[in-house]
Amino acid sequence: MSSPNTPSTAYLEKMEGDVAKRVALATPTEYDGEDYPGQGEVWDAAAALVDFSLARHIVTDLHAHPETAFAEHRSMAVLADCVDKRGYAARRGVYGVETAFEAAWQSDDFDPDKHPTVAILAEYDALPTIGHACGHNIIAAAGVCGFLAAVEVAKKNSSAGRILLQGTPAEEGHSGKEYMIRGGSLDGVDAAVMVHGFGYDIGAHAWVGRRILRVNYRGVAAHASSQPFMGRNALDAASLAYQGIGLMRQQMPPSDRVHAIMSGGDRPSIIPGEAQMHIYVRSLGTRTLMDLSSRVEDIVRGAALMAGVDLDLDWDEHPMTLPVRNNSALVERWSATQARRGRTVLPAGTVPDTVAASTDFGNVSHLVPGLHPMVKVSPADVALHTEDFARWAAGPEAVTAAVDSAVGLAQVTLDFLADKGFRDAARRDFQRHGQVAVEDLLAKAQQGENAN
């Protein structure tokens, strides 16, 4: 019996070698008190208040009890209970999502027209079968502990503003944050911050946008031997579309991705009357994502015409996710916080943009200034969404990453409340591109289709 060809590791090894060279040349961001006047004592206070025991509890507890998208009832309760017990009542089932929660603190003089609001986000859903192989248990621990530390320092310093902790479920394969956005989660929010585990410390990594397309081809079933001329083969259409997508890849930008599966038919003697395709469309840019989506739809429709069948299209069974827009001011401040923790935060581009997945935080980052850095949890050669990374997500390195990240999230949050110049820098960077809402993008795309 023959075996599948083993994929060559030559490209992967070259890429890892190139990354290693760039890592060796990278210099850590230094903390300079003159750059951040008055924040040294604030940062020290935040670091002292991050609860190591609580971080370890959350990391290990969620890892031992993984729950998948929209089923995170226990995980949500564990996190909400943590903030409840420390005096910050968590509202559960918020913004129209049953397993979402929110806790809040605001200063006595808080005025939404004058004072800033920062949302610290915490994910906690796991993957089917392999559990927390993306490290959302670490994200949750960092978010909860960072919120609690930031609030305590803000109260002590009489800071003016509001800090939210938003528990955001269903990131894996879904778009929990987009559902929450539509329910009002970002109303009045001036910045949103979170962190993600990885094999490197990176301030601004690439994340691609993603759309999902389901296609059902409807043909005419017939006996494949005695009357094939009376059939219209739905599986032919799916096969033609699959090949058309493959041929299109030659003209796709290197940052774009399309992957598809198909099914159809019950037995060879019957021409399939129905066939299905499930397609993911991804791109590093918002405009290129919409353009690629249009091209994929043209191929899918053209295949139906060639095979003489009809089709049903269903875009975005879960809301589309946008590429992450990294805010340079927030990234710079994050890098400085991590330098004090002994971490060298690598600049954008150290790891190639082609090593990119998707996240619903992209939708957040197009509506408010957003921070979504990567924190080193595992060795560099351990990939996310693997059993190997799941093991690292339960170890001491995971707890250390959660604590360092909680410190950084608290420090960036406190700086944002206290430093108007910092807020203005973050706002200026964000306004270079302006707000982009998913629903507006889809409405414009529909208007273009109607015009044609």
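A pocket here is an open set of grid points with protein on both sides within 12 Å along at least five of seven lines. The model shown in these views is predicted.

**View A. The largest pocket and its lining.** This pocket has a volume of about 900 Å³. Lining it are 35 residues, and the closest to its centre are Val355, Ala356, Ala357, Ala383 and Leu384. Some elements give two or more residues to this lining: α1 (10-25), β6 (196-198), β9 (257-264) and β11 (274-283). The largest share comes from α1, with five residues. Sorted by class, the pocket lining has 20 nonpolar, eight polar and seven charged residues.

View B. Rolling a probe the size of a water molecule over the atoms shows where empty space is left. In this structure there is one cavity of 30 Å³ or more. The largest cavity has a volume of about 40 Å³. Its lining consists of Leu121, Gln166, Thr168, Lys177, Met180, Ile181, Ser185, Leu186 and Val364. Which helix gives the most to this lining? Helix α6 (residues 176-182) does, with three residues. By class, the cavity lining splits into five nonpolar residues, three polar and one charged.

**View C. Helix α5 packed against helix α12.** Two packed helices are described by the angle between their axes and the distance between the axes. For α5 (residues 136-156) and α12 (residues 396-418), the angle is about 40° and the axes lie 7 Å apart. The crossing of α5 past α12 is right-handed. On the α5 side, the contact is made by Ile138, Ala141, Ala142, Gly143, Cys145, Gly146, Ala149, Ala150, Val153 and Ala154. These meet Ala398, Ala401, Ala402, Ser405, Ala406, Leu409, Ala410, Thr413, Leu414 and Leu417 in α12. The contact of α5 with α12 has 16 nonpolar residues, four polar and no charged ones.

**View D. Helix α2 packed against helix α5.** Helix α5 also packs with α2 (residues 39-49). Here the angle is about 135°, and the axes are 8 Å apart. Are α2 and α5 parallel or oblique to each other? With that angle, α2 and α5 are therefore oblique. As α2 passes α5, the crossing is right-handed. In α2, look for Val42, Ala45, Ala46 and Leu49. They meet Ala149, Glu152 and Val153 in α5. Counted by class, the α2 contact with α5 has six nonpolar, no polar and one charged residues.

**View E. Helix α7 crossing helix α8.** The axes of α7 (residues 234-248) and α8 (residues 286-307) come within 8 Å. They cross at roughly 140°. What is the handedness of the crossing of α7 and α8? This crossing is right-handed. From α7, the residues in contact are Asp236, Ala237, Leu240, Ala241, Gly244, Ile245 and Met248. Their partners in α8 are Leu292, Arg295, Val296, Ile299, Val300, Ala303, Ala304, Met306 and Ala307. Residues of the contact between α7 and α8 fall into 13 nonpolar, one polar and two charged.

Notes
Residues are numbered from 1 along each chain as its sequence is written. This is a predicted model: local features need pLDDT of at least 70, side-chain atom pairs count only at pLDDT 80 or more; totals for chains, interfaces and linings use all residues. Side-chain values use heavy atoms; hydrogens and water are left out. On a 1 Å grid over the protein atoms alone, a cavity is a set of points where a 1.4 Å probe fits but cannot get out, and a pocket is an open set with protein on both sides within 12 Å along at least five of seven lines; lining residues have an atom within 4 Å of a point. Grid points are joined across faces, edges and corners, and a volume is the space filled by probe spheres set on the points. Helices (H or I, at least four residues) and strands (E, at least two) are DSSP runs, numbered from the N terminus. Ala, Val, Leu, Ile, Met, Phe, Trp, Tyr, Cys and Pro count as nonpolar, Asp, Glu, Lys and Arg as charged, and the others, Gly among them, as polar. Axes are lines fitted to C-alpha atoms, for helices over the stretch in contact, and angles run from 0 to 180 degrees between N-to-C directions. A crossing is left-handed if the near helix is turned anticlockwise from the far one by less than a right angle, and right-handed if clockwise. Contact means heavy atoms within 4.5 Å. Angles under 35 degrees count as roughly parallel, over 145 as roughly antiparallel, 65 to 115 as roughly perpendicular and the rest as oblique.
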